[in-house]
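Hi,

Here is the structure I promised to pass on. Have a look at it first, and then read my notes below.

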Amino acid sequence: MAARLRLQNKVAIVTGAASGIGLETSLQFAAEGARVVLSDVNEAAVQKAAELVLKNFPTSEAIAVKADVSKEAEVAAVVDAAVAKFGRLDVMFNNAGIMHPADDDAVNTEEKIWDLTQAINVKGVWYGCKHAVLAMRKNKAEPEKGLGIGGSVINVASFVCKVGAATPQLAYTASKGAVLAMTRELAMVHAREGIRFNSLCPGPIKTPLLMDFLNTPEKLNRRMIHCPMGRFGEAVEQAKSVVFLASDDSSFVNGTDFMVDGGLIACY
Ligand code: NAD
């Protein structure tokens, strides 16, 4: 008997899908049978990302929708597009996020950077959760298609809300702490509707976001010291964990701070 794909028939949205963790997760979602809505503020790049998904997985279904997650109407439009095209929403991966590459400590952080970081990393996740709940509440169980009730929402936090970062990134760290706290509460509030919420907490991952930040050998080495495996992670290593959290394999996993950090927060 052929192995069942883990996201067969599920409809998934990925925000920040044009690059890094979001792009790899879109590919893994398609590989596992999901119909994928790729969304990003960068319209040209997200269009290319959707084309890459379709090229790699010719029998998959994927569309691109431009949206800035800090604007509620645009997030609502992404969810509407998913439901209009594919009929339902099962998985919401609230992944879009920014980290300002300049030193960002208590003294030097600029208010406009602080506000922008919270608008995208915190408010953007809230909007994604809100509109996912509104759509997922309408889901009906179809066990013969492998569809349970509710859905799975995965919000991207970071290891930096578990341990202090030696390279300053204060606005970012504060925003990711808010994501963790918000996700736990949502997991409790919506548990009996069958909607699960988990935080993904990546360690340092080789993506443009991290490499733009660790832009000197000193900063890079300062971060690498804390990596027990002696390397940064790959985006695909996050994506494979997101597939687990999105799938029914994780049906009793709810409200977790899901660490995918190569052991970083276990390091003394
Ligand atoms: P990335 O820069 O490669 O990708 C981020 C994507 O988000 C980009 O395509 C960008 O265009 C998009 N984006 C930015 N602002 C947006 C907005 N307002 N609306 C919609 N899309 C927007 O970065 P990444 O490393 O893949 O980051 C993905 C997530 O993982 C982020 O939330 C980040 O904070 C988190 N994270 C990354 C690391 C790491 O080391 N790379 C570690 C922990 C957490």
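Before anything else, a word on contacts: I call two residues in contact if their C-beta atoms, placed from the backbone, lie within 7 Å. By that rule, and leaving aside neighbours within four places in sequence, K66 is in contact with D40, E43 and V46.

Two housekeeping points. This is a predicted model, so local features need pLDDT of at least 70 and side-chain atom pairs count only at pLDDT 80 or more, while totals for chains, interfaces and linings use all residues. Residues are numbered from 1 along each chain as its sequence is written.

Back to K66, which lies in strand β3 (residues 62-66). Helices (H or I, at least four residues) and strands (E, at least two) are DSSP runs, numbered from the N terminus. K66 is partly exposed because it has 18 other C-beta atoms within 10 Å; the rule is that 20 or more such atoms within 10 Å make a residue buried, 12 or fewer make it exposed, and anything in between is partly exposed, with C-beta atoms placed from the backbone. Its C-alpha is 36 Å from that of H226, 160 residues away in sequence.

On to helix packing. Two packed helices are described by the angle between their axes and the distance between the axes. Here the axes are lines fitted to C-alpha atoms, for helices over the stretch in contact, and angles run from 0 to 180 degrees between N-to-C directions.

The axes of α1 and helix α2 (residues 43-56) come within 10 Å and cross at roughly 30°. L23, S26, L27 and A30 of α1 make the contact with A49, V53 and N56 of α2. These residues divide into 5 nonpolar, 2 polar and no charged.

Helix α3 (residues 72-86) and helix α4 (residues 111-136) also cross, at roughly 35°, with axes that come within 9 Å. On the α3 side E72, V75, A76, V79 and V83 take part, and they meet Y127, G128, H131, A132 and A135 in α4. By class, this contact has 7 nonpolar, 2 polar and 1 charged residues.

What about the length of helix α5 (residues 170-189)? At 1.5 Å a residue, its 20 residues should span 28 Å, and the end C-alpha atoms are 29 Å apart, which agrees; the expected span is 1.5 Å times one less than the number of residues. Among the buried residues of α5 are L170, Y172, V179 and L186. The buried residues of α5 pack against α4, β5 (151-156) and β6 (195-202). A174, also in α5, is partly exposed, with 18 other C-beta atoms within 10 Å.

V153 lies in strand β5 and counts as buried because it has 28 C-beta neighbours inside 10 Å. Not counting residues up to four places away in sequence, V153 touches M92, N94, C129, A132, I195, R196 and F197.

Last, have a look at N9, in the segment before β1 (11-15). Its phi is near 75°, a positive value in a residue other than glycine. Most residues other than glycine have a negative phi.

Cheers

How values were computed. Nonpolar A, V, L, I, M, F, W, Y, C, P; charged D, E, K, R; others polar.
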